[in-house]
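My entries are below, in the order in which I looked things up.

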Amino acid sequence: MTDLLNALFHAVAYALVGGAMLVAAYYVLDLATPGHLGTHLRGVDENGMESVHAHSRSAGVVTSAWLLSNAAVLFTAIWTNGETSLGWALGWTVAFGVVGIVLNTIMFFAIEAITPGSLRTIVTEPGPVRPLAYVAASVAVSVGAIVCASIA
């Protein structure tokens, strides 16, 4: 019974730390894009009304890939260090979570620097998904895979 309770405690600790890291990742992307990211995802127009014509599908694609990338890093850090003490495993999770967020941010701005136009603006424009958003999403997932490989 104590093993079960210990495992449940660890699961809750990992979920809380992982959830906090994903919230941090979301807010970093929010800071990197103009306006409030949630507004672009929900489709709030200039009058504060929600509208299907005001939401940015590109923002949805990039945000989803960004969170998936960072979740994969957190998963890999937990999976590979779960046998160590909880403190060390949580430390690894936070450390690699921060690395994933930082590298995704650097690559986001690198893509913006090497492509024409403003990636930050393109990602938040209402309407259909823009091709550059797919590129940014692919790079985010790739960064996550690379960080995962470095952990494992």
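**Entry 1: cavities**

I searched the whole structure and found two cavities of 30 Å³ or more. For this search a cavity is, on a 1 Å grid over the protein atoms alone, a set of points where a 1.4 Å probe fits but cannot get out, and a lining residue has an atom within 4 Å of a point. The grid points are joined across faces, edges and corners, and a volume is the space filled by probe spheres set on the points. I reminded myself of the reason for the probe: rolling one the size of a water molecule over the atoms shows where empty space is left.

Before going on I noted that this is a predicted model, in which local features need pLDDT of at least 70 and side-chain atom pairs count only at pLDDT 80 or more, while totals for chains, interfaces and linings use all residues. Residues are numbered from 1 along each chain as its sequence is written, and side-chain values use heavy atoms, with hydrogens and water left out.

The largest cavity has a volume of about 40 Å³, and I listed its lining as Trp 66, Asn 104, Met 107, Phe 108, Ile 111, Ala 136, Val 139 and Ala 140. Helices α4 (86–114) and α6 (131–151) each supply at least two residues of this lining, and the largest share, four residues, comes from α4. Sorted by class, the lining of the largest cavity has seven nonpolar residues, one polar residue and no charged ones. In this sorting Ala, Val, Leu, Ile, Met, Phe, Trp, Tyr, Cys and Pro count as nonpolar, Asp, Glu, Lys and Arg as charged, and the others, Gly among them, as polar.

The second largest cavity holds about 30 Å³ of space, with Met 21, Leu 22, Ala 25, Asn 70, Leu 74, Gly 97 and Ile 101 lining it. Here α1 (2–32), α3 and α4 each supply at least two residues, and α1 gives the largest share, which is three residues.

**Entry 2: the chain as a whole**

I then stepped back and found that the secondary structure comes to six helices and zero strands, where helices (H or I, at least four residues) and strands (E, at least two) are DSSP runs numbered from the N terminus. Buried residues make up 39% of the 152 residues in the chain; buried means under 20% relative accessible area, exposed over 50%, and partly exposed in between, with a 1.4 Å probe and protein chains only.

**Entry 3: nonpolar cores**

Which residues touch the most other members of the largest nonpolar core? Of its 19 residues, I noted Leu 29, Val 62, Phe 108, Leu 119 and Val 123. The elements that give two or more residues to this core are α1, α3, α4, α5 (119–124) and α6, and α1 gives the most, with five residues. Apart from it lies another core of seven residues, including Val 73, Ala 77, Phe 96 and Val 143. A nonpolar core here is a set of buried Ala, Val, Leu, Ile, Met, Phe, Trp, Tyr and Cys residues joined through side-chain atoms within 4.5 Å.

I also looked at Val 62, which touches Leu 29, Phe 108, Val 123, Ala 133, Ala 136 and Ala 137, not counting residues up to four places away in sequence; a contact means heavy atoms within 4.5 Å.

Is Leu 132 buried or exposed? Leu 132, in helix α6, counts as buried because its relative accessibility is 14%. In contrast, Leu 68, in helix α3 (residues 57–81), counts as exposed because its relative accessibility is 53%.

**Entry 4: salt bridges**

Lastly I found two salt bridges, each being a side-chain nitrogen of Lys or Arg within 4 Å of a carboxyl oxygen of Asp or Glu. Arg 120 and Glu 112 meet in a salt bridge at 3.0 Å, N to O; Arg 120 is partly exposed at 33%, whereas Glu 112 is buried at 12%. Glu 125 forms a salt bridge with Arg 130, and their closest N and O atoms are 2.4 Å apart.

Conventions: 1 Å grid on protein atoms, 1.4 Å probe; cavity = no way out; pocket = protein on both sides within 12 Å on 5 of 7 lines; lining within 4 Å.
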